[in-house]
Amino acid sequence: MSFLHHDVPLTWYLLLSAALFSLGVVGFLIKRNIITVFMSIELMLNAVNLSFVVFAYQWHEVKGQIFVFFVMMVAAAEAAVGLAIIIAVFRVRATLAVDRINLMKL
Amino acid sequence: MHLILFFLFAGFCLAGAINLLLQTHPINSALSLIVVMTSLAVLYLLLGAEFLAIAQIIVYAGAVMVLFTFVVMLLNAGREERTLGSRAAARVGFPAVVVLLAVLATIILRAQGLVSAHLGAGLTNDPNGSNLVVLSQVLFHELLLPFELTSVLILIAILGAVAIARADGSKVDGAERSAEK
Amino acid sequence: MILSLHIWLIPLLPLAGFLLNGILGSRLPRWLVSTIGLLAPFLSFVLVLNAYALTSYSAVALPYVETFPHPWIAIGGLRADFSFFLDPLSLVMLLVVTGVGFLIHIYSVGYMAHEEGYARYFSFLNLFLFFMTVLVLAGNVLLLFVGWEGVGLASYLLIGFWFQKPSAAAAGKKAFIVNRIGDFGFLIGIFLILANFGTLNFAQIAQVLTLKAAWHGGVLTAICLCLLVGAAGKSAQLPLYVWLPDAMEGPTPVSALIHAATMVTAGVYMIARTHFLFDRAPIALAIVAIVGAATAIFAATIALAQTDIKRVLAYSTISQLGYMFLACGVAAYSAAIFHLVTHAFFKALLFLAAGSVIHAMGGEQDMRKMGGLRKKIPVTFWTMTIAVFTIAGFPPLAAFFSKDAILYAAFVSGSGGVFLWLVGLLTALLTSLYMFRLWYMTFFGELRTADAHPHESPRSMRAPLIILALLSICGGWIGIESFSAYLAPSVGLHPAVSSFPHLELILTAFAVLAALEGWLIADKYYRRKTERPAQLAAALPAGYTLLANKYYVDEIYDAVLVKPLFNFSRYFLGWVVDTGILGGIAWLLAGSANLSGAILQRWQSGNLRSYAAWLTAAAAVILLFVFHASIGSYLGARGIDVQLNLHWMGH
């Protein structure tokens, strides 16, 4: 029973957040598809969101959660624009490989 | 209970994230990411952020990830090609990630005064209080203007996305059609 | 009630004309360009006449000063204003500049009618008038210098008006560079004035000198010599005269306005304006006289052997300017200004008439190809005849009076005066000789070109000729005595006293005889025995080639000054300094930039993932840097707390 009622230290949440963030960075580094790279960015954003929520819990500070809300909004907007860019790039280059898209001009 | 749920969904999170990295087909990665996000929503719930948990599922797992899968299908993205890659990424990036993680972990572990989380607590310790009420009071009073501005931001983002993705010129039109096929 | 003369408008109107024609001119129709171009000098001339009328009826007292309320330069003790200073001297100059300038503008309408760049021409001409009036009206040395440089600029632009012609472009450049040498001297002079007087205002300088009555020579001589260098450059005196003959590459009205009537006399004007300095520096004054006399006779001899009609007139201008310097040098400033005025009339007339001849000959300037034009272009012939008789010094024409005044002043100027007078007399003879030579070669005998069809110039060109001819006849009748009296408030009276009662009359007789002698020689050699000049040239080949080649002064300058300077520039400055030192430094800088670029370029691979890697590395480094103390303590197990903000919020 004590196990069931055991509280979780916030340290663990933070460690999870750090781990997710690092995995996001690794994803950015190793993935070759531009869409997956973009997903890694979303992963990193989520990791950061988690730490915001954790600190909101720590300090009973409502603004931590509101911050997460705003981050979500920005992430949604970013996803829309980013994916639109990906489509535009694909039209011109006909590839999604990040390594092939290495020039800023057409 | 809390501990079990934490381990369960933290495990889902990590597993999903690792799977995201391991899968070579983007659609699999997208599905893994949905797992991560849903698990995160549960973790938010555990931390007393009910509103965010729902928003996470609706906005992220729902809207954003659906967008991702749409694009994957629209562009008919197949398996990743083996490309040359980047030496800098291997030689600089991975040690840097290790250092980053080590530094973050050090800081987190060294941090004093972090409390433990237990179920039922959140922004308010009042058993009759609601986290949602606290949140909405701040959001719609103090931060009303920024909140409204986000809607403008999203509107602009939609317009921008339409403008960027719109095919201009017949040549590009053809490319789009071939991409759609 | 204090009347305002609005003299500030006198320079500003031509400036407005310059701006209008310069900016919009190429899009305006020609009649409008001419209207703008003519209106500006005309209105200025009217303003000058107004000023003259009001001052001569004592409605406004001279000297009259207009100052822009805001100081131009105010640094420490130095204060320079935009102040316009009107006294008899500047009024006389203004009458000449705007009056003759206006006539030449009218002439230009006809002369330039078929030219490209019509608007450009008139805008430059107006620009010149702007700077010239600024020069004349300047109340301090600095403003005078602005005008001085400005007329140089306008002169450069107009000499090189036909800039597609390499010789015209080179002539413009030469005028500019030679004037630079003079301006260098002038600038040093200005600095010396500033250092010794602490002011640049003419009136204040004069005041300081009045207070220190015993101050003679010394630094004043230095100042005056520096000013003389400047004046010699602008007024084409020895040894800086070389640019003026080449300046004839410009359109003929420009030669008349700038290189005969107005700008080149700026040096004389400047000396007269600063006469209070020269009066205290007898050595400098003597040098002015010597330079003037030497230039007068030197240029006159060269003019004897020139065949280009405009070059003869150019050397004649130099020679006449030498007369003015000679007059300044014997402190007869009013005589110098008197000659300046009459010279402006007859030399402008000579140039305009020559321009009319050239116009009639379809651009031909070589006198050997002219001849017999007397019947073909009668108006030009008669006006030219008046001008020739005037410059030769026949009574009662204008130059007779002014030249006479100069010769008389030189004769009575004490020791050495007789020698100066002799030089002046000889110059008068030579002047008469080469002018009648020009007259005979151009208008008498037979036309020496087969395919020329001389025609009289249009009315807009004939009218200024006639007006200037009338002025050349009557310009001197005012007489030196009343002219001196009028100028006395500006330049002071320098009474030339002689113990011998009829001296002036005798000297006049000598001068007229010299002119007559010149005419007779010319008549003999160029009308009656036209084969004689060639025989003479053959008999004295050395002398003739020396004169025909202008004493080889250009060649000597080229060998002694230009070539060494050029070689120094090309080999030392060009190769060692520029290529070696500067180029080396630039090469090193460029090389290091290139090298770092080549290294840094690898960062900008365009590969998204390598960017991400570097970004991550940077994030790690920044985190390490921020938290290195706490991490170090953790690793060292020292037990020091992490300095995180978590402490104060702990629950």
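**A first look**

C:G172 counts as buried because it has 24 C-beta neighbours inside 10 Å; a residue is called buried if 20 or more other C-beta atoms lie within 10 Å of its own, exposed if 12 or fewer, and partly exposed in between, with C-beta atoms placed from the backbone. Please keep in mind that this is a predicted model, in which local features need pLDDT of at least 70 and side-chain atom pairs count only at pLDDT 80 or more, while totals for chains, interfaces and linings use all residues. Residues are numbered from 1 along each chain as its sequence is written, and chains are lettered from A and ligands numbered from 1 in the order in which they are written.

**Around C:G172**

- You will find C:G172 in helix α6 (residues 166-197) of chain C; helices (H or I, at least four residues) and strands (E, at least two) are DSSP runs, numbered from the N terminus.
- Setting aside neighbours within four places in sequence, C:G172 is in contact with C:Y156, C:I159 and C:G160, where contact means that the C-beta atoms of two residues, placed from the backbone, lie within 7 Å.
- C:M248 is 76 residues from C:G172 in sequence, yet their C-alpha atoms are 9.7 Å apart in space.

**Chain A on its own**

- Chain A has three helices and one strand, and along the sequence they follow the pattern β-α-α-α.
- Of the 106 residues in chain A, 59% are buried.

**Where chains A and B meet**

- In total, 64 residues of chain A are in contact with 77 residues of chain B.
- On the side of chain A that touches chain B, α3(A) gives the largest share, 23 residues.
- By class, that side of chain A has 47 nonpolar, 10 polar and seven charged residues; Ala, Val, Leu, Ile, Met, Phe, Trp, Tyr, Cys and Pro count as nonpolar, Asp, Glu, Lys and Arg as charged, and the others, Gly among them, as polar.

**Two helices that cross**

- Helix α3 (residues 62-93) of chain A packs against helix α5 (residues 131-142) of chain B at an angle of about 70°, and their axes are 10 Å apart.
- That angle is why α3(A) is roughly perpendicular to α5(B).
- The contact uses A:V62, A:K63, A:Q65 and A:I66 of α3(A), together with B:V134, B:L135, B:V138 and B:L139 of α5(B).
- Sorted by class, this contact has six nonpolar, one polar and one charged residues.

Definitions and conventions. Axes are lines fitted to C-alpha atoms, for helices over the stretch in contact, and angles run from 0 to 180 degrees between N-to-C directions. Angles under 35 degrees count as roughly parallel, over 145 as roughly antiparallel, 65 to 115 as roughly perpendicular and the rest as oblique.
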